[in-house]
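Please read it alongside the sequence and the model.

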Amino acid sequence: MKTKIAKKFQELFGCEGDFFASAGRINLIGEHTDYNGGYVFPGAIDKGIIAEIKPNGLGKVRAFSLDINEYVEFGLEEADAPSQSWARYIFGVCRETIKRGFKVEGFDTAFAGDVPLGAGLSSSAALESTFAYAVNYLFNGEKIDRFELAKIGQSTEHNYCGVKCGIMDQFASCFGKKGALIRLNCKTLEYKYFPFEPKGYKLVLIDSCVKHELASSAYNKRRASCENAAAAIRKNHPEVEFLSDAKRVWLDEVRSEIPEEDFLRAEYVIGEVQRVLDVCDALERGDYETVGEMMYQTHFGLSKLYEVSCEELDFLNKLARKMDVTGSRVMGGGFGGCTINLVKDELYDAFVKTATEQFSAKFGHAPKVYDVVISDGARKL
Ligand code: ADP
Ligand code: MG
């Protein structure tokens, strides 16, 4: 990828720049916990963006996307926003950096990536954090800390790309480290690294390539249920700010006071927060069998209690269980997208083959398969 980028950069700008990279991400466990003040547990992956960049002294950005095969120029004032969606990510990062009182000058760039777009691996966060890191390195002597780089990416999504996302994706891209997952407390933003080096296992995503329409209205309903359950618990236990602060027995106390549906949603969330902690303990012992079992429990909760799975994802999960795959669950908000699977090396080929064949036969289209290895996030190459 680097050679291809260097060739194009030379061709367009007649010189050489520095190389910067960042990564997409997975979330091993901790789903629908972020807005409940709970934990998420992401890591950066070996799929990302590489950009060659050189300041040009022209007060504008000249950018070429190799994957989209398009060249765009834009200035650095608010009024200079480009219309191409990919360029808006770069423009947004520049603007958000400037808004925070830091410096951005004109630069030339050519970049490419290998994170599948819109597959739930956050190619957009990879793009943002590559440029946020580069602009910090090139123009600000690395004065901006990694948290602020993540927030620059998040604000870019909010203010320039129309996506009201949380902080997890950009956090994972900016903080990701080879062989480590990062447990992020979404309430306090405290984080801790845990070793993730599953020798003898692979992580593989099976992308159902479906996205059911329900997603956004269902999401709002889930949030409302969680808030309702938290409010009921808070009457007895004022220290409960978010649902994730509640103990399971406190939820039982209010069962008759809230709709059964809200109870089930809350039961999932409180269980999920505990599962993240259990997975972290298991990883410290190198116990990947327990990690896998927790992934199945999460899938069960998402499917039966939180009700955000779908036929395609339940099918893939059930097949994984049947084939003795160590762990499997839907990853992301639900109603489509990928399952993430922890698979023993010797089972890997058979699982991928069977999943592809049986899924295709049942649903009339093939799933996509992405191997991932936990790797470094934003960096200079
Ligand atoms: P994802 O879930 O992958 O983050 P998004 O819709 O949030 O999906 O972001 C995808 C968008 O990010 C693309 O439409 C494009 O504008 C931009 N993008 C991501 N990767 C690349 C790339 N390699 N080249 C150009 N643009 C990219
Ligand atoms: Mg995105």
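In this predicted model, the side chain of Asp67 places an N or O atom 2.8 Å from a nitrogen atom of ligand 1. Asp67 is among the residues that come nearest to ligand 1. The points below take the ligand site, then the domain boundary, then the salt bridges.

**Ligand 1**

- Around ligand 1 there are 17 residues, and those that come nearest are Asp67, Leu117, Gly118, Ser123 and Ser124.
- Ser123 has a polar side-chain atom 2.7 Å from an oxygen atom of ligand 1.
- Ser124 also has a polar side-chain atom by an oxygen atom of ligand 1, at 3.0 Å.

**Domains and their boundary**

- The protein chain is assigned two domains: domain 1 covers 2-196, and domain 2 covers 201-372.
- Taken over C-alpha atoms, the centres of domain 1 and domain 2 are 27 Å apart.
- In the contact between them, domain 1 supplies 29 residues and domain 2 supplies 42.
- About 2800 Å² is buried between domain 1 and domain 2, with 70% of that area coming from carbon and sulfur atoms.
- Polar contacts join 14 residue pairs across the two domains, counting pairs with both residues at pLDDT 80 or more.
- On the side of domain 1 that touches domain 2, the elements giving two or more residues are strand S1 (18-27), strand S3 (42-55), strand S7 (180-185) and strand S8 (191-195).
- By class, this side of domain 1 has 14 nonpolar, eight polar and seven charged residues.

**Salt bridges**

- Side chains of opposite charge can pair when their charged atoms come close.
- The structure has 26 salt bridges.
- Between domain 1 and domain 2 the count is three salt bridges.
- Lys187 and Asp245 form a salt bridge, with their closest N and O atoms 2.8 Å apart.
- Asp18 and Lys380 also form a salt bridge, at 3.9 Å from N to O.
- That pair links distant parts of the chain, 362 residues apart: Asp18 belongs to strand S1, and Lys380 to strand S13 (residues 379-380).

Definitions and conventions:
Residues numbered from 1 in each chain as written. Chains lettered and ligands numbered in written order. Heavy atoms only, no water. Domains from an automatic or database assignment. Contact = heavy atoms within 4.5 Å. Buried area = accessible area lost by both parts, 1.4 Å probe. Salt bridge = Lys/Arg side-chain N within 4 Å of Asp/Glu carboxyl O. Polar contact = N/O pair within 3.5 Å; in protein donor to acceptor, adjacent residues only side chain to side chain. Helix = DSSP H or I, 4+ residues; strand = E, 2+ residues; numbered from the N terminus. Nonpolar A, V, L, I, M, F, W, Y, C, P; charged D, E, K, R; others polar. Near = heavy atom within 4 Å.
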